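Open the model in your viewer and keep the selection panel at hand. The stops below go from one chain to the other.

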Amino acid sequence: MTLAPDRAASGPATSPGKLTDLFQLGLDAPICLTWELTYACNLSCVHCLSSSGRRDPRELSTAECKAVIDTLERMQVFYVNIGGGEPTVRPDFWELVDYATAHHVGVKFSTNGVKLDAAAAVRLAASDYVDVQISLDGATREVNDAVRGPGSYDTAMRAMGNLRDAGFTGFKLSVVMTRQNIPQIDAFKAIADEYGAQLRLTRLRPSGRGADVWDELHPLPSQQKELYDWLVAHGEQVLTGDSFFHLSAFGGALPGLNLCGAGRVVCLIDPVGDVYACPFAIHENFLAGNVRDAGGFEGVWKTSALFADLRKPDTGGACKSCGFYDSCRGGCMAAKFFTGLPLDGPDPECVQGYGEAALASVSSSSVAAPRPSVDHSHRTAPSRPRAGGAVPVTIARRRPPSHDCDESPLAGFTAGAESASGCC
Amino acid sequence: MAGPVSFDLDRAWQVDPRVSMRPEPFGALLYHFGTRRLSFLKNQTVLAVVRSLADHPSARSACLACGVSEAELPAYARALGALADSTMISERELA
């Protein structure tokens, strides 16, 4: 993932040197970090990157969360991207938001809108230090609800209406781009404009339950070009969390940091305090430590062996000889990992086509792609509104065959909710 | 993208109160809570200049006090101009 602030860094240069070169070696503290406050979620989005659904009993307490915020203040982390799960279902959610902003840590939180009533919207509109990101993955009810679940489109639209009515302009409408909604990209822009929101488009990753649906949902090669052209045409009007840097190999670089920021400028704190290199890499291979460790979050950020390794200069690996390596930097680490590709080779969605070739060679081997280490998915279908005591129907979400050879008993299985999208 | 129009080295400047500044090995990162934009300073000298802007009657005086030579002034004016364009620094009324 790229982990970068939503807005492109722009800097006064008094000496030559690329920002990516400076950032590649890591920073004293993250620029921004993602903090999933809970794995609990009212939804069960099929592509949830954190496999959320059920609350984890080991979740950080209010006091522990406040101690993390104290650390972030001391480290001068500018802001946190709070997600989940659905963060607003934590009873202490607003208390933690207030505590963070009072301690000079800005907050941007991602929500499906379930708790964003008129009163919450008024409260949010009053603060300069809190930003909101509403998740919506279809510009129509049909396309959205197929991914995020029945009723989720209406929930998001109601929340956006409340924010607009409260005079909150510039909140974010956040969309994970899929094969099904890329044809709706102009319609998303129209919705954002209608509600006074800013559009934010991010990349679908094969992380969490996203691994189960990636083959069906990830954009087709022709759509990647369509998306790239749209992003180039709209420039800085649209936010991306710098998540599409793999598309830079189509031509000119997109605005923002074209760099995987995992462990360098961003990281993830999960609901139980585990610190991962990035929000899309919830797997033991990318686990750097826990905020409950003796040194706290600061100790993990500064002394983790994993992070030290990630901050070494990229060697380029199999991509080194490709003429586009300087543009795309080999793409997204998490996308490679969860599709079973080597981390020093091409991204599975490499626009030069090297990813498809690599995936083909993986699928002909008998080794299954790694599965997420942590799964809090609802054990049954998500709670749905029921009329007249009708028997709830459980639609099993079976992992589709991701490759021809994947129909073996060893292939992964799992079910589906979403959380924060994007890098930052 | 158009460059900064011009930067008046002889006026008084200050870091915007909504900007948070964090030192880094290469210089510093700046984050503006109003615009939610990130910027950066690429070396320690420009960091020292920006930090001391509020203590000097002019940006020129801040630069010279931080060891910027006359020959380097135009480069620093460009750097400060970029910061002014993104409202990281703003003009200050002299007391």
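Two strands count as paired here if DSSP finds at least two bridges between them. The model is a predicted one.

**Stop 1: the sheet of chain A.** Nine strands make up an open sheet with mixed pairing, and their order is β6-β5-β4-β3-β2-β1-β7-β8-β9. Colour β6 (198-203) and β9 (287-290) of chain A next: these are the edge strands, each pairing on one side only. In general, the strands of a sheet pair through backbone hydrogen bonds, in either a parallel or an antiparallel sense.

**Stop 2: one strand pair.** Select residues 106-111 and 130-135 of chain A. The former are strand β3 and the latter strand β4, and the two pair in the parallel sense over five bridges. Within this pair, look for A:Val107, which stands opposite A:Val130 in β4 of chain A.

Stop 3: Of the 424 residues of chain A, 55% count as buried. Now select A:Val80, A:Tyr276, A:Ala277, A:Cys278 and A:Ala281: these residues have the most contacts inside the largest nonpolar core, a set of 144 residues. The element that gives the most to this core is helix α3 (residues 73-85) of chain B, with seven residues.

Which residues does A:Val80 contact, leaving aside its neighbours within four places in sequence? They are A:Cys32, A:Leu33, A:Trp35, A:Leu72, A:Ala100, A:Val105 and A:Val107. A:Val107 is also the residue opposite A:Val130 from the previous stop.

**Stop 4: A:Ser61.** Go to the loop between β1 (32-36) and α2 (62-75) of chain A, where A:Ser61 is found. Is A:Ser61 buried or exposed? A:Ser61 counts as exposed because it has 10 C-beta neighbours inside 10 Å, and the cut-off for exposed is 12 or fewer.

**Stop 5: chain B.** Select chain B, which has three helices and five strands. Along the sequence they follow the pattern β-β-β-β-α-α-α-β. The C-alpha atoms fill a box of roughly 35 × 30 × 30 Å along the principal axes. The radius of gyration of chain B is 12 Å, which agrees with the value near 12 Å for a compact globule with 95 residues. Of the 95 residues of chain B, 37% count as buried. Among contacts in chain B between residues at least 6 apart in sequence, 53% join residues at least 24 apart.

Methods. Residues numbered from 1 in each chain as written. Chains lettered and ligands numbered in written order. Predicted model: local features only at pLDDT ≥ 70, side-chain atom pairs only at ≥ 80, totals over all residues. Helix = DSSP H or I, 4+ residues; strand = E, 2+ residues; numbered from the N terminus. Buried ≥ 20, exposed ≤ 12 C-beta atoms within 10 Å, placed from the backbone. Core = buried A, V, L, I, M, F, W, Y, C linked by C-beta atoms within 7 Å. Contact = placed C-beta atoms within 7 Å. Rg over C-alpha atoms; globule rule 2.2 N^0.38 Å.
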